[in-house]
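Please have the sequence and the structure at hand.

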Amino acid sequence: MTGVPERGQARAPQAARRGGWLTRAWMNPRLHAAVARMPGLGRIARSEGAAMFGLVGGFVNSQILLALVELGVLDALVQGPQPAAALARPAGLAEDRMAILLQGGAALRLLRRRRDGRFALTRRGAVLLGVPGLVGMIRHHAVFYRDLADPVALLRGGTETGLARFWPYVFGAQGATDPQVTADYSALMSDTQGLVAEDTLRCADLSGVRRLMDVGGGTGAFLAAAGARYPALELALFDLPAVVGPARARFAAAGMAGRVTILPGSFRDDPIPTGADAISLVRVLYDHTDETVAALLAAVFAALPAGGRLIISEPMSGGDRPDAITDTYFAFYTLAMGTGRTRSAARLAEMVTAAGFDAVTIRPGPRPYITGLVLARK
């Protein structure tokens, strides 16, 4: 060692100094005003200004969306354009208040204001109604928003959250004791799992798998989709006794009752059943702490035979390239749950490898806000 800094080491402080200078420059209001007057740069300044105000007003946008859903405005417009007065009466609002809501919905491009003053549903608004489970999630967000009312307190921890009460199953079988909470959870998960199953099966080839067991599979939405795509596949569902009840009706309606084994239990309290040559964890790991995830992955490894496959599917952090959805929405949602954590694919791959798996593959999903995949073999 000569004591002479390497080229990269010398360059880093210089880059930091340049970055600090640029940061301070952009904080100067005079620079903003000057840039706004410059040809070409003015557009950039306006764009950044609009984006900044979008961040400041983002919460209001989400509340406008919630109001449109709760008051049935989007559903009412499926029948065709209507004026504010016609929409106000069934919603129990004054006409001028409904006009404010409709104007906001049009600004968010969920609605379109026609020249005659009536409002119509846009393509975006129609898609919102057509995505399975999305309206249910929007209504459910009222709980999440209350937890975010004091984000600093949430980040510091130690506060009781509404989401922790809504997702009690994460604490094991003893947590899922309220029948109404369990029913609400099951309905929400069932409604939202269709798109997850679609993207998971697009990225994970189950050819050659004899028996697939879905751990934490709820009411069986993913297994039913896998069974439909692979008619010879044997299926097993392992989840809490309070959760798996509706799965029997789902599989019976799909004509799969003879192919499915339902195994009530908790992976936190019970051994993972053996007999499957592939095990899926679909939107399971991000609900839990690192300690719980490490224990679960080790249990899955023990339950699989040599050559057995592991399929992890869930929204993942962007890691060293922060993602605009998973590192905001999902990261704070799992934080509010009290036990969850949104992890990057690289971090999950590390944990899978530590559990003993190899041939680890990362496959980004076609819609990262729906799911991403980590695949591995024993």
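R343 and D290 form a salt bridge (a side-chain nitrogen of Lys or Arg within 4 Å of a carboxyl oxygen of Asp or Glu), with the closest N and O atoms 2.9 Å apart. R343 lies in the loop between α16 and α17 and D290 in helix α15, so the pair ties together parts that are 53 residues apart in sequence. Helices (H or I, at least four residues) and strands (E, at least two) are DSSP runs, numbered from the N terminus. Both R343 and D290 are buried; buried means under 20% relative accessible area, exposed over 50%, and partly exposed in between (1.4 Å probe, protein chains only).

The model is predicted: local features need pLDDT of at least 70, side-chain atom pairs count only at pLDDT 80 or more, and totals for chains, interfaces and linings use all residues. Residues are numbered from 1 along each chain as its sequence is written, and side-chain values use heavy atoms, with hydrogens and water left out.

D290 also meets R341 in a salt bridge, at 2.9 Å from N to O. Because R341 is in the loop between α16 (326-337) and α17 (345-354) and D290 in helix α15 (residues 290-303), this pair joins parts 51 residues apart in sequence. A network of salt bridges links D290, R341, R343, R347 and E350.

R210 forms a salt bridge with E234, the closest N and O atoms being 3.7 Å apart. R210 sits in the loop between α12 (179-203) and β3 (211-215), and E234 in strand β4 (residues 234-239), 24 residues apart.

| Residue | Relative accessible area | Class |
|---|---|---|
| R210 | 44% | partly exposed |
| E234 | 33% | partly exposed |
| R341 | 45% | partly exposed |
| D290 | 19% | buried |

The whole structure holds 12 salt bridges.
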